[in-house]
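Please open the model in your viewer and keep the sequence panel at hand.

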Amino acid sequence: MLISLCMIVKNEEEVLERCLDSVKDIADEIIIIDTGSTDRTKNIAAKYTKHIYDYVWTNDFAAARNEGIRRANSKWVLVMDADEYFNPADALKLRSFLETETPQESVIYAVNVVSFIGSSMEQSMINTGEVPRLFPNHSNLFFTRPIHEQLHSLNGTALTVYLAPVSMYHTGYLKGVVEAKEKSKRNASIFTELKKTTGYSAYDYYTIGNEYGIKDDIPKAIYYYERALKKSEKLTSRSWYPRCVISLIQCYLLQHRFYDAWTLIEQRLSNWRQYPEYNCFKGNIYYYLGLFEEAKLAYEETITAADELAKSTHLFWLDSAEFASTIPLQKLLEISNAENNTEKTIYYLTKLLMQNPYDYKALAQLMELLLLSDPPASVMTFLSRTYNENDVKHLLILFKVSLSLGSEELAAHYYHQLKTNDQELKPADLLDFYLLVGDRKRYESTLQQFEAHMKMSEELLVNRISASLIWNDSDYYNRISIEQNDGLFTTYKTYQQIINRENIDLESIQVSLIVYKLLSRLFQLRQYEIYDQLVNKISNSDIVNSLANFLYKKKQFDLSMNYYSILLQENQLDGTSLENLAFYHFNNGFVSEGLEFLEAAIEKRPHEPYLYVLYLQRCTDRVKKETYRQQFGFNYPQLKKIPAINKFL
């Protein structure tokens, strides 16, 4: 036998099948160590293997791992967690790779683990790391450390780690998973016991920093990352060390500690300047400080560095592939968008979609931009360069984005393509589609068929109130019932008040946001008459600012300027509106007017350093320039130590 898969599990019914499905064709033996499941975990495992063993949990991951590997009979041992999985191509590649490798006692293999971190898969950031998971089945190899366990050789042989040519995906850091499984609480108890017995190593401080980073406790994450680096000055060759540096830089940036981040980049990360992270983080600092030209250059150097490394290795980044292309492309996109450079904006959006056609946000922005100047048929032709209409997944995302943009022609086209492919659509998407195309009969039929089984959401509430307003039938909304302790109750009550023409408390920021979401959706649906009626009846300065900025972002400049003019007359422009007006005037050659709006924006938001930089870059009045230069220096004395800022000032 070639591969024994060894796993420890507990209450993994949500993800175990995905994991085992991904390796069932390459593992000759699957060994499951169950540490106390009370759900369907063991029943699911039994579909794939008879080697399922109960194990009393002792707060020690290494001990549980060793219980599994001692039972392995194959030439190689593969270790996985239930929330991990391979894509089919990588699974087959792994088996092919091992078929040609000769086991050596001193050689183990790491697998590139791609972790999704965030509230959901759709809204996650990606982190990668090479984790030793593959090794010869040899009695001398065993795990140590109760948490973030590591492989060691019983006879003291130094282990050499090479990288296997595959990636594995990990969803265990998604917020819902961490909370549901109480991972932080469990891990904290193990770390507490570890501190009592052996104290913390540099690696322990790093992993504890990760624990706090996942929980968004940035100050504590910084404390532990800093301790890890201080304790590891002679351990810079360890694979986790540059990731610790990168994690600390990210935390500094989240707290706007730009000089601390810059210092860490130049003093520590510069040892890996050939990797894209080095220039990408420098670009991020330039971007956050309003130095767009310097940021553009840094991001272009980032992409060049990644391309150069990719010629010699499939792993051309230190921490995440996001730094190699996605992040620099997104930032270059934001800069070109702010400068209203349509050609560049379309270019960067297309590049993003070429590397990930399921980037919903980029696709929506591209389609919306194209529809401003091109007929739907031309937009479809353009999209066909990237999207295959014979691929149902491609059709689904094109259909959903068309719905969100309120493009009746595009939505109808992709709807009929999906129907031709016998693809069943979600009831919520069908309701959105029939509402968009005005097919009331099918809307009612779909509602009657699925209403009792549909889970209520904010999007569905917006759909139902839109239907009530468009077809002047309050029953579409009034027959909804939501309990007071439900998180959607305020949204539900606000929309009910709109239906019943009751007074609404617009002093509440939450209520203003709820009203704004309805108004922006009605605008997308091109229900302009209803939209105008509601804007005139239920709006305040917060809602009007939000609508103006919404229209500005959609490049509906004439409409947004109408709102901005009203807000300007009433002295109610917020910080974002003032900034948008500044860019609008700069992009159209009216520099002095743009500077006036920037002055007002700085007054509203004096703690945003990039506003001062944007101002000083364009101001030619020596007295004003000196005044703002002094304000910047007083508010941000540390930033003057960053060479580009020092040179600029």
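This is a predicted model: local features need pLDDT of at least 70, side-chain atom pairs count only at pLDDT 80 or more; totals for chains, interfaces and linings use all residues.

Residues are numbered from 1 along each chain as its sequence is written, and side-chain values use heavy atoms, with hydrogens and water left out. Helices (H or I, at least four residues) and strands (E, at least two) are DSSP runs, numbered from the N terminus.

Select residues 29-34, which form strand 2; six of the six residues are buried, so the strand is largely enclosed by the rest of the structure (buried means under 20% relative accessible area, exposed over 50% and partly exposed in between, with a 1.4 Å probe and protein chains only). In a regular strand the side chains alternate between the two faces of the sheet. Here both faces are covered, with E29, I31 and I33 buried on one side and I30, I32 and D34 buried on the other.

The chain passes from strand 1 through helix 1 (residues 16-23) to strand 2 in a right-handed β-α-β crossover, meaning that, with the strands pointing away from the viewer, the path from the first strand over the helix to the second runs clockwise.

Which strand pairs with strand 2 over three bridges? Select residues 52-54, strand 3, which pairs with strand 2 in the parallel sense, and find I52 standing opposite I32.

**Two helix pairs**

Go next to helix 16 (residues 376-383) and helix 18 (residues 408-420), whose axes are 9 Å apart and which pack at an angle of about 55 degrees (axes are lines fitted to C-alpha atoms, for helices over the stretch in contact, and angles run from 0 to 180 degrees between N-to-C directions). Helix 16 and helix 18 are therefore oblique to each other, given that angles under 35 degrees count as roughly parallel, over 145 as roughly antiparallel, 65 to 115 as roughly perpendicular and the rest as oblique. The contact (heavy atoms within 4.5 Å) is made by P376, V379, M380 and L383 of helix 16 and by E409, L410, H413 and Y414 of helix 18.

Then select helix 10 (residues 258-267) and helix 11 (residues 276-288), whose axes come within 10 Å and cross at roughly 160 degrees; the two helices are therefore roughly antiparallel to each other. Residues of helix 10 that meet helix 11 include F258, W262 and I265, and those on the helix 11 side include F281, I285 and Y288.

**Single residues**

Finish with D422, in the loop between helix 18 and helix 19 (427-437), which is exposed with a relative accessible area of 70%. Most residues other than glycine have a negative phi, and most peptide bonds are trans. Phi of D422, however, is near 55 degrees, a positive value in a residue other than glycine.

Technical notes:
Two strands pair if DSSP finds at least two bridges between them.
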